[in-house]
Structure formats: structure tokens, C-alpha cells
Amino acid sequence: FLLIPWTALINFYKVDRSGHYFAETLGKKIYLSLPDNAIFISGLSWFNYYYAKDIQRLRDDVTAISSWDLLSENPPSWLTRRRFPDLDLPDPANYRFETRQKISDYSQELFDRNGINRPIVLEQNETFYEQTTLTNRFKPYRNVLLQYIIGPGQTPDSPPLAAWSEFLKFLEKDVAG
């Protein structure tokens, strides 16, 4: 009977990760670096960004959308006017969500409608990049972010090397601290 509690006690220190806050601190820095009034498409660290927005109340001007909502079989079921009253959502009746191409078309109209007045920033996400046709519309922006470019004349605010050096500074600061 004592074997189970003894094993749990002995192994607790090997698996205790309560002091590892790297994802939270890095996520917060990236979230705070977003442009004003941005639409943020979060990727793998969606939980950290929603926590920063909904619990810590950081960046109330930013609208965060999970890229997984955009990649779902029916994006309009996740992207509702009630959940996102500040977005200009496309009419779902104009789309049939049978393939990734058609889902990408819906996402592109969403980005084009809202990107005129607000910057759209994507957290680097390999799945979103591979499964949509929007690859050529995203350019390096800051740290690990990509910015959606509407027209051919627009360019992101910072060049790719500046974005990479900013990300390296974030990492060095967190590793040193």
C-alpha cells in the first residue's frame, strides 16, 4: 500500500514543471508586441494568448482568433457575430466548406474585409501555412509573427532580419533570466 505514495513522492521532483514559465513569458511579450487594434491569428500557443487577453486583460484592442477555428470543417460555426462583434464576417451562404481550398477562400475574404482597417497578424503556424492557399499573402513582421498583405504595394513594417533579431533578443533575455 505504501509503494504508490512513495513512488509518487520520489518522482514528483522529476516531473514538476511548475517553475517553467518560458511559454507564458515569451507568449506575453509577443502578444504585447502586436500592432494597435490588430486581428491576431494564434497558432499552437493559443491558450497563452487567450489567457493574456481574457484573464490578465492585456490588449483589449486586439481581436484573437484561433487558427484552428479557421481550419475547422465549418469556420462560421466558430466565427459568429456574437463571439466576434467587431469583425466584418463573410456570408457563409456564399461558401461550401468541402475542401481546404474553399475554407481558404472563406478565410481570405475574412482577411480582405477586415485587413483594410486593421492589421492582421499570424503567429507562425506550419499547419495553417500548409493547409491554406494564403502562403504568399503573409510576410515576416516582428519576432515570430507574420503580417497579412492585402495588395501588392503594401509591405510589413519591419524587414525579416529585424524580426528574427527581435525574436533572438526575447529568447536571450528569457534564457538569461
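The predicted model contains an open sheet of five strands, ordered β2-β1-β3-β5-β4 with mixed pairing (two strands pair if DSSP finds at least two bridges between them). Strands β2 and β4 (138–140) stand at the edges with a single partner strand each, so one side of each is left without a neighbour in the sheet. From one strand to the next, the twist averages 30°. Helices (H or I, at least four residues) and strands (E, at least two) are DSSP runs numbered from the N terminus.

Residues are numbered from 1 along each chain as its sequence is written, and side-chain values use heavy atoms, with hydrogens and water left out. Because the model is predicted, local features need pLDDT of at least 70 and side-chain atom pairs count only at pLDDT 80 or more, whereas totals for chains, interfaces and linings use all residues. The protein chain averages a pLDDT of 80, and 83% of the residues score at least 70; pLDDT is the predictor's confidence in each residue, from 0 to 100.

The chain passes from β1 to β2 through helix α3 (residues 46–55), forming a right-handed β-α-β crossover; right-handed here means that, with the strands pointing away from the viewer, the path from the first strand over the helix to the second runs clockwise. Strand β3 (residues 120–123) is joined to β1 by three bridges, again in a parallel arrangement. Across this pairing, isoleucine 39 stands opposite isoleucine 120, and phenylalanine 40 stands opposite valine 121.

Helix α3 lies across β1, β2 and β3 and runs at about 155° to β2. Contact means heavy atoms within 4.5 Å; axes are lines fitted to C-alpha atoms, for helices over the stretch in contact, and angles run from 0 to 180 degrees between N-to-C directions. Within α3, Tyr49, Tyr50, Ala52 and Lys53 are buried. Seen down the axis of α3, its buried residues fall within an arc of 160°, so they line one face of the helix; the arc is that of the directions from the helix axis to the C-beta atoms. Phe47 and Ile55, on the other side of α3, are exposed. Tyrosine 51 also belongs to helix α3 and is partly exposed, with a relative accessible area of 33%. The C-alpha atoms of tyrosine 51 and glutamate 24 are separated by 9.3 Å, although these residues are 27 residues apart along the chain.

Most residues other than glycine have a negative phi. Asparagine 37, in the loop between α2 (22–32) and β1, has a positive phi near 60° and counts as partly exposed at 37% relative accessibility. Just after α3, arginine 57 takes a positive phi of about 60°. Arginine 59, in the loop between α3 and β2, has a positive phi near 55° and is buried, with a relative accessible area of 13%.

Definitions and conventions. Buried means under 20% relative accessible area, exposed over 50%, partly exposed in between (1.4 Å probe, protein chains only).
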